[in-house]
Every structure is written in structure tokens, then in C-alpha cells.
Amino acid sequence: MGLLISTNPARNFEVLGQVPVSPLTEIQEKISLARNAFHSWKELGIDKRIVLLKPIFQEFQNNKEMLAKNMALEIGKPIVECRKGVETGLKYFNDFLDNGAAYLQDETKKIEGTIHHISFEPFGVAAVISPWNFPFGSFIWGVIPNLIAGNTVVFKHSEECPLYGEILEKLMKKGNLPKGVFSEIYGDATQGAQLLQGDITLIWFTGSTRAGQAIYQIAAGKFVKVLMELGGSNPAIVFEDADIGKAVPKLVASRFTNAGQFCDAAKRLIVHESRFDELVEKLAVSIQEIRLGDPLDEKTTMGSLVAKRQVKLLESQVKDAIQKGAKIVTGGKKPGNLKGAYFEPTILVNIKPTMRVWKEEVFGPVLPIVSFKTETEAIRLANDTEYGLGAEIYTANPETAKRVAGQIDAGFIEINQANHWHASNPFGGFKKSGMGRELGKYGFQELCQIKLISE
Ligand code: NAD
């Protein structure tokens, strides 16, 4: 049997533990248990399902610090950010418990003398597959709404955080859900594909666009619905009239939180030529305050990347930019004094559209900055990507903000702010950033078949 070896990327890859890879027979058995559990889970009704999920919320609540600490150890994220990640995940869980029933409320209307009822029925067995970058939050976003909606779940976490997956499974077990309602498997893309090839009815996937495209092919062959939250390369546009003092900390947080490993990060900065030098200089100064170091040190504000392969990918993207004429304003390399998957916060200018840092998703602390002359040019640059997750617009003029927001091809646009999500708002992308929506009534309804009965 294969093993997933878990290492600490921020402490020179010291081994943290190992988890057995789930064999195909176990994956099939868990799917079969989920299928057997489905009918009675559905028939319980949403209110009783919510009651049964409350002890799980309590288990997570009681283990907040442990959940944060183990996250820091396995993925290299600073403990302060990990605590925030667990708190935010719990906030979403709480919203789902409080509002899930309202999100899936039946609708009744009268049309030309007949009564029409619209109701939301679960699909069946949902295969839920998550990435590592928000290992608590993405688990909560994927698993809890599916269970509330009445789907049973077979879950697979990322191979980068198998020990975290085990912790989540243990806490879920303490909640004593009926057998088969939730189970977990372990492995990488191979086991993920085996899960999806099994007798499942719905796919909920968060991860890279590359994997999403492979998964879409599997879904097409089986003819099952797939919901996908994929990569992003969000533009942030800074107009001539923007309040640069207020924009700088938001841009730094947006690009450098979680060492830049954030689907929704501002990954391409587009600045009016009249403010370019000023903004680049202020960002460079602000970045000096980032404390790169061990994630368990309370003063650390940036830890390591998740793995060696992420550092190698980032180095190759930065090297490509330099070879094509980009200039490093700050950073651009691994720090000399830290052993592990570290990379310095980096700003690049003299960016060309052919550079990989512009064309590809950059999943690390590197910010390419370009200038623009006209609003039309800013919009063209913002849309010059195969992704369409989000965008940020910084301007003092609400009319400019509204006009530009209407022309950017992305699922959520933030004006003079960044990363302000809410559990009741739809989350998801245009273009290759995904398909369907999570959260709120739009997200919950995606997890259901919609049935109309008229009389
Ligand atoms: P990844 O695609 O490599 O892996 C994600 C998960 O999918 C893992 O559990 C992996 O084992 C599994 N997987 C990979 N290939 C598969 C296949 N062919 N079949 C079945 N399962 C497969 O992504 P990652 O490196 O873990 O995460 C980073 C990516 O996730 C980035 O692109 C980031 O933007 C994206 N992401 C998106 C969102 C969002 O909400 N849009 C949120 C977080 C992360």
C-alpha cells in the first residue's frame, strides 16, 4: 500500500508523519456506503440534518487552536493567519447552519390560475475534492453545504496536507453522523480520479484549472454535474484619482497573504502612468515590513510556500520574466537564511504580455506591475487573461468604478477593497476560473436538482 509522507515545508521538509493511500476497494466501499446512506439522509429533511450537524460545529469550535497549529505545521502558513482561517471557516459553517434552510426554501407561485411549487432536492453522492491552500475553509465550503442540502459526501483532501485531512475526519467522526453520510479517502490525483470514476452523482471540485479540465472530461463521460472553483489571475486597477495611502495595505494583503497562494489574490497590478512610480515605491517600502520566518513564531507574517515544487515553478516564472526584460524592484529569490520552501516577497516591473508572470497564474509572493494611459487600455489589460475569478478597482470616482466593473469579465469585483467575501454572497469565476457558484442561495441551489410541481 502506498503512503503519503507529510513534511513541514517551513522547517527544511522535516517529516511530520504519514498516511496510507486509500486503495481502490476502499474508495468503492465508501462510495457504496454513501449511496446506501443517501435515501434516509435525504428523507430526514433539512431541519433535522442541520440539528445533526451542530455537534460537529462544536467539535471544530472546541479544537480551534489545534486546527490552527496543525495547519501551520503542514502547509507553512503563519499561525496568526491559520487562526484567522479557522475562525473564518467557523463563521461560514455557522452561516450555513443558520441560513441553509432559507437558501433552499421552497417557492410557490400562482400562474394563470394554477399553483406552481419549486423545490430543491439533493443529487445523491457528492465527491468533494479540495486543495491545500485553505485546508479548513475549503473543507467547510465543500462538505457542509452538501450535507445540509441532503447529499452524502465522500471527501478527498490534498496530498499536501494528509495529516490535516485525518484531523478533520476524526472530528467529523465525533459528531456521530449516520454511517456513510460522510467519509474520507486519501491520495493524490490518481485516487481523486478513482473517486470520480465511481458511482457518484455530483462533483464539487476546488483546485487548479489543469485538474479542473481533466475532471470535466470525467464528468462528461459519466454525465454528472460538476461545480468547479479553479485558478485565478485577478487584476487590480489603480486609477489616477485613487487614494494610494489606503490602497497600498490592501494591495499588499491581497497579493502577499498566505505567501501569495490565494486563488483570489491580486496577481497583476495595473496602474495609471501618473501614479506608477509613487505606487511602486510605496509598495516596495511596505513589503519591507513583511516578516518572513517560521510559521509558529507569532511575529511571522509570511511563512513558506507549501512545497518545493511550488518554489521551482515560481523561480521558473520569475526567470522567464527576467530573461524577457523584467526588472526586480525587490525580492526575486529564495532568502539565504531560511531552510525550506521560502521565497522573498517580490515586485517586478517592465512587464510584457508574453511573460509567464502575466499569462499564467502565479501562486506565490510575486507581483508584476504595468502602467496604463486610458481607461480602455486598463480594461483591456485587466481582461488579458484566460482567468476570470475576481478583480479590484481603486478610484475615488464611483462612476468610474461602476463603468469599469461592468466591463471586467470576472465573478466578483471589489471597489477600493480586497477579499471581502460573505457567506451569503455567490463565489465563483468566469472563463477558466470555474463553473457554477458556491455559498449563499445560489451556491446551495447548485447542490440540488430543482423540481417543479404544478397543480
Ligand atoms: P490541484 O489541482 O493540483 O489539486 C487540487 C485537488 O485536486 C487535490 O486534492 C488533488 O489531489 C486533486 N486532483 C488533482 N488532479 C486531479 C484529477 N485529475 N482528478 C481528481 N483529482 C485531482 O491544485 P492545488 O495545487 O492543490 O491548489 C492550488 C490551485 O487551486 C490554484 O490554481 C488555486 O487558484 C486553486 N484554488 C481555487 C480556489 C477557488 O475558489 N477558485 C480556491 C482555492 C484554490
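Trainee: In this predicted model, what distance, N to O, belongs to the salt bridge in which the side chains of Glu160 and Arg309 meet?

Mentor: A salt bridge is a side-chain nitrogen of Lys or Arg within 4 Å of a carboxyl oxygen of Asp or Glu. The model is predicted, so local features need pLDDT of at least 70 and side-chain atom pairs count only at pLDDT 80 or more, while totals for chains, interfaces and linings use all residues. Residues are numbered from 1 along each chain as its sequence is written, and side-chain values use heavy atoms, with hydrogens and water left out. For Glu160 and Arg309, the N to O distance is 2.7 Å.

Trainee: How many salt bridges does the rule find across the interface of domain 1 and domain 2?

Mentor: The protein chain is divided into domain 1 (3–230 + 433–454) and domain 2 (234–423), with bounds from an automatic or database domain assignment. Across their interface, the number of salt bridges found is three.

Trainee: What area do domain 1 and domain 2 bury between them?

Mentor: Buried area is the accessible area (1.4 Å probe) that two parts lose on being put together, summed over both. Carbon and sulfur atoms carry 56% of it here, and the total is about 2,700 Å².

Trainee: Which three residues supply 20% of the area that domain 1 buries against domain 2?

Mentor: The share of these residues is more than that of any other three. They are Phe13, Trp132 and Ser433.

Trainee: How far apart are the centres of domain 1 and domain 2?

Mentor: The centres are taken over C-alpha atoms. The separation is 30 Å.
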